[in-house]
Amino acid sequence: MNNTANEKVSGHILSPLPYAPNALDPVISAQTISFHYGKHHKAYADNLNKLIAGTALVSMPLEQIIAETAGKVDKTAIFNNAAQTWNHTFYWSSLRPKGGGEPPAVLKKKIEEAFNTVDQCRKELAAAANSQFGSGWAWLVLDGDRLKVVKTSNADTPLTKGMKPLLNIDIWEHAYYLDYHNRRIDYVDIVLGKLINWEFAADNLGR
Ligand code: MN3
């Protein structure tokens, strides 16, 4: 069915999980990962590949597809699926087994400049995640030279607002409903405490 170009792009876009599906258990169960990665994330990538097949977008890196389609009413479906593909790959790396704790020194210094303490940064991330009405994302970003916490709705990403994402937290219900039901606040709290990947955020600072 698929042509060669499509296969190639498809393989490029659905990035492998950076750990085993049960590696985040019991904070995020293997069952949640199997649906979240294997169904939701895969569907965004598959839909994107169908939507861009045969167009000029097919040869572009994902970030460029996002930039090219952002804010264009006739490209909303492509933007949504491209951004969600990117957001999820970024989310898997924003988590790690035995995460949480204290950020590496270079990041900690930037956090203290912007938020005073790491704990205050965690609180602002939690407040952003818990106050997002409906589906979306909470982000730690670099805006100019200063760290900031922002939230976005649905597929939206700070990439299109000139900010550099450092880490994100998925706050769509599919991210937590099987494990935490309606308790988003519990999911956000435990993710920040036990899984958040400060090393990934520190690496992104320098990219
Ligand atoms: Mn998701």
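Predicted model: local features only at pLDDT ≥ 70, side-chain atom pairs only at ≥ 80, totals over all residues.

Me: How much space is in the largest pocket?

Reply: About 330 Å³. The lining is made up of 16 residues, and those nearest the centre are Leu62, Glu63, Trp86, Thr89 and Phe90.

Me: Which elements give two or more residues to that lining?

Reply: Helices H1 (4-13), H3 (62-69), H4 (76-94) and H9 (198-205), along with strand S3 (164-170).

Me: And which one gives the most?

Reply: That's H4, with five residues.

Me: Which domains does the lining draw on?

Reply: Domain 1 (29-94) and domain 2 (105-205) each supply at least three residues.

Me: OK, switching to helices. At what angle do H5 and H6 pack?

Reply: H5 (residues 105-115) and H6 (residues 118-131) pack at about 70 degrees, and their axes are 8 Å apart.

Me: So what do we call that arrangement of H5 and H6?

Reply: Roughly perpendicular, because angles from 65 to 115 degrees count that way.

Me: Which residues meet there?

Reply: From H5 you have Lys108, Ile111 and Phe115, and they meet Val118, Gln120, Cys121 and Glu124 of H6.

Me: How do the residues of that contact divide by type?

Reply: In the contact of H5 with H6, four are nonpolar, one is polar and two are charged.

Key
Residues numbered from 1 in each chain as written. Heavy atoms only, no water. 1 Å grid on protein atoms, 1.4 Å probe; cavity = no way out; pocket = protein on both sides within 12 Å on 5 of 7 lines; lining within 4 Å. Points joined across faces, edges and corners; volume = space filled by probe spheres on them. Helix = DSSP H or I, 4+ residues; strand = E, 2+ residues; numbered from the N terminus. Domains from an automatic or database assignment. Axes fitted to C-alpha atoms, helices over the stretch in contact; angles between N-to-C directions. Parallel < 35°, antiparallel > 145°, perpendicular 65-115°, else oblique. Contact = heavy atoms within 4.5 Å. Nonpolar A, V, L, I, M, F, W, Y, C, P; charged D, E, K, R; others polar.
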